[in-house]
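Here are a few notes to read alongside the structure.

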Amino acid sequence: MQAMASPLRKIYLAGGFGSKWQTEATVRLAGLFELLDPSAHNIQDPAEYTRWDLEAVRQSDIVLANMEASNPGGYSLALEVGFAKALGKRIFMVDQIEEPIVRRYFEMVRQCSERVFPTLAEALDHLASLE
């Protein structure tokens, strides 16, 4: 009898949509993880997309929080990381914040992360190496 393959672990992609970084994550992690990507659901109603996003965090094993310098505030990312932390999820953060005041206020988010990376490429390499 053939053993059943284990289901892929799920990664929630938290972060801004402007740079389309989710495409790079999808290409790099294809076949290794199932990616839960809120930039792909196209839900416009705030109540509905909040519900979708938080349910996706709940279903995930890992949250990849990408705080790009171009992210205007990171408010949603901070909520998603806090929720993931409360649920006991593994959290990895890409921290590209340049503004000193924003860096200061994002320290709590960094502290919730298992590991913080300076670039998306480094974070994706690390995730791809997880067993």
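This is a predicted model: local features need pLDDT of at least 70, side-chain atom pairs count only at pLDDT 80 or more; totals for chains, interfaces and linings use all residues.

1. K20 has a positive phi of about 65° although it is not a glycine. You will find K20 in the loop between strand 1 (9-15) and helix 1 (21-29). K20 counts as exposed because its relative accessible area is 57%, above the 50% cut-off.

2. N42 is also worth a look: it is not a glycine, yet its phi is positive, at about 60°. This residue sits in the loop between strand 2 (33-36) and helix 2 (46-59). With a relative accessibility of 63%, N42 is exposed.

3. How do helix 2 and helix 3 cross? The crossing is right-handed. Their axes come within 10 Å, at an angle of roughly 40°, with helix 3 covering residues 75-86. On the helix 2 side the contact involves D53, L54, V57 and R58, and these meet L79, E80, F83 and A84 of helix 3. Of the residues in this contact, five are nonpolar, three are charged and none is polar.

4. Now to the salt bridges, of which the whole structure has seven. One of them joins R51 and E48, with 2.6 Å between the closest N and O atoms. Both residues belong to helix 2 and are three residues apart, about one turn of the helix. E48 is partly exposed, with a relative accessible area of 38%.

5. Another salt bridge pairs the side chains of R90 and E114, at 2.6 Å from N to O. This pair links distant parts of the chain, 24 residues apart: R90 is in strand 4 (residues 90-95), while E114 is in the loop between helix 5 (107-112) and strand 5 (115-117). R90 is partly exposed at 31% relative accessibility, and E114 is partly exposed at 46%.

6. Is D95 buried or exposed? D95 counts as buried because its relative accessible area is 10%, under the 20% cut-off. D95 forms a salt bridge with R103, their closest N and O atoms lying 3.2 Å apart. R103, at 34% relative accessibility, is partly exposed.

Conventions: Residues are numbered from 1 along each chain as its sequence is written. Side-chain values use heavy atoms; hydrogens and water are left out. Helices (H or I, at least four residues) and strands (E, at least two) are DSSP runs, numbered from the N terminus. Buried means under 20% relative accessible area, exposed over 50%, partly exposed in between (1.4 Å probe, protein chains only). Axes are lines fitted to C-alpha atoms, for helices over the stretch in contact, and angles run from 0 to 180 degrees between N-to-C directions. A crossing is left-handed if the near helix is turned anticlockwise from the far one by less than a right angle, and right-handed if clockwise. Contact means heavy atoms within 4.5 Å. Ala, Val, Leu, Ile, Met, Phe, Trp, Tyr, Cys and Pro count as nonpolar, Asp, Glu, Lys and Arg as charged, and the others, Gly among them, as polar. A salt bridge is a side-chain nitrogen of Lys or Arg within 4 Å of a carboxyl oxygen of Asp or Glu.
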